[in-house]
Amino acid sequence: MSALAEQVIAERRQAMRALLARPLLAASGSDGESLALVRQHAVWLREWLGRNCGWMLQIEPELARLRKTPGDLADATRGAIDRTSGIPFSRRRYALFCLALAALERADRQITLGNVARDVLSAVAGEPAFAVAGLTFDLDGREARRDLVHVVRLLLDLRVLVRVHGQEEHFVERRGDVLYNVNRPALAALLSVRRGPSTIAAGSFEDRIAAIVEEPIPDGEEARNHRLRVTLTRRLLDDPVMYYDDLNVEERAYLTSQRAHLLRQIQEATGLLGETRREGIALVDPDGVLTDQGMPDEGTEGHATLLVAEFLAAEARRQLTRNPQTGSEPNVGAVPMAAVVAHLAVKKREHRTHWRKDALLPGAEVPLAREAFGRLEALRLVRRMGDGVMPLPALGRFRLLPPTVRPPRERRTPTQKGLFE
């Protein structure tokens, strides 16, 4: 392969990875270089994303927008995360986010945070359904002002807003206001749906989510195969792990025959490496750029999460040892939260010199355990089961093993073992 061809492949991968990491790339800020690459390889990107994922790539002078449809609509673990605190958005913050977007849609070229807050306050007060749903908003409450600031910081990160003057903390403390420019193209491109929300009559939340991204049902064998390829590629790109048990019969049959081709296509386009195990497939990013959640991660919460992962993986292995499986699939039960909390209480004393002071207070292991559960669930390493969690097979990679020395030429074929083994 010529040096020029290798450079083209590397640039296409870089552009693809930039879009997967940030589906909205704005010309301003730190995305400018990535946006230039996306523009340069727009034809190839559009063709690949449309054929393999069914996603549309919109490119305008000031931005590029990858209009994605999630692989798993039922997954509630991958919402927005506040970059300053690392805390995922609550449903309340999402509601405020939507109301803030409505306020910006009616705004002029510039707007203050105070005016955004007043528009949101007016919208909440004027709609009785908000009160019925338990959503309140009062500017007298510091927590309400802080929730709105977290929303605005997400809009800043998305380049929908550009700060002109002031600091959000001053608004929280009631010591000043903040002035922003409104990026109209980014605001208009933010909503990624196939149907307008106001056209949907479905009642339940799940049905409304399904209707908002509903796609035509394919007719004919070729169209059905294309639909299967699109569905599986989306899940491979979106999900930390794609478990075979989560696929229907038709999807598993197609994956069995097309797995090598699918993984090769994805690897060539993105540089992600496919790791195939008995229970499923994970795409690994050697550079960590496309990793939403670090594992292991820095800080007290990151360390506690790793300790919980090790504990749950060891517990899963103990269950399998006590109850040998006669079938091909492992069967691991839920581990009570009380057991995880007790484990963290012991580890808290062991690592007291490395953890934050507030994490050493009596009872601090309870919120640490909840935070660990949330992180592990987002990574598809556990599944919540009542007041506990069920370890999933990919968690097995975090089980500590005694060191062993193998002969230099001895190799282990990944597809011959499951991750709990």
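1. Beyond its neighbours within four places in sequence, Tyr254 is in contact with Asn225, Leu228, Arg229, Leu232 and Leu262, where contact means heavy atoms within 4.5 Å. Tyr254 belongs to helix α12 (residues 249-270); helices (H or I, at least four residues) and strands (E, at least two) are DSSP runs, numbered from the N terminus. Tyr254 counts as buried because its relative accessibility is 11%; buried means under 20% relative accessible area, exposed over 50%, and partly exposed in between (1.4 Å probe, protein chains only). Between the C-alpha atoms of Tyr254 and Leu232, which are 22 residues apart along the chain, the separation is 9.2 Å.

2. On the basis of the values: this is a predicted model, in which local features need pLDDT of at least 70 and side-chain atom pairs count only at pLDDT 80 or more, while totals for chains, interfaces and linings use all residues. Residues are numbered from 1 along each chain as its sequence is written, and side-chain values use heavy atoms, with hydrogens and water left out.

3. Helix α11 (residues 221-238) consists of 18 residues and reaches 26 Å from its first C-alpha to its last, close to the 26 Å expected at 1.5 Å a residue; the expected span is 1.5 Å times one less than the number of residues. Its buried residues are Leu228, Arg229, Val230, Thr231, Leu232, Thr233, Arg234, Arg235, Leu236, Leu237 and Asp238. They pack against α1 (3-21), α3 (42-53), β7 (242-243), α12 and β9 (280-284).

4. Another open sheet holds 3 strands in the order β4-β6-β5, with antiparallel pairing. Its edge strands, β4 (110-112) and β5 (161-165), each pair on one side only. Here the twist averages 35 degrees from one strand to the next. Helix α5 (residues 113-125) packs on this sheet by touching β4 and β6, with its direction at about 75 degrees to that of β4.

5. Strand β6 (residues 179-182) pairs with β4 in the antiparallel sense over 3 bridges, where Gln110 stands opposite Asn181. With β5, the antiparallel pairing of β6 runs over 4 bridges, and the bridge partner of His165 is Leu179. In a regular strand the side chains alternate between the two faces of the sheet. For β6, Tyr180 and Val182 form the covered face, and Leu179 and Asn181 the uncovered one.

6. Most residues other than glycine have a negative phi. Arg174, although not a glycine, has a positive phi of about 60 degrees; Arg174 lies in the loop between α8 (168-172) and β6. Arg380 likewise has a positive phi of about 60 degrees, and lies in the loop between α15 and β11 (382-384). Is each arginine buried or exposed? Arg174 counts as exposed because its relative accessibility is 52%, whereas Arg380 is buried, with a relative accessible area of 10%.

7. The axes of helix α14 (residues 337-350) and helix α15 (residues 365-378) come within 9 Å and cross at roughly 115 degrees. The contact involves Met337, Val340, Val341, Leu344, Ala345 and Lys348 of α14, and Glu365, Val366, Leu368, Ala369, Arg370 and Phe373 of α15. These residues divide into 9 nonpolar, no polar and 3 charged, with Ala, Val, Leu, Ile, Met, Phe, Trp, Tyr, Cys and Pro counted as nonpolar, Asp, Glu, Lys and Arg as charged, and the others, Gly among them, as polar.

How values were computed. Axes are lines fitted to C-alpha atoms, for helices over the stretch in contact, and angles run from 0 to 180 degrees between N-to-C directions. Two strands pair if DSSP finds at least two bridges between them.
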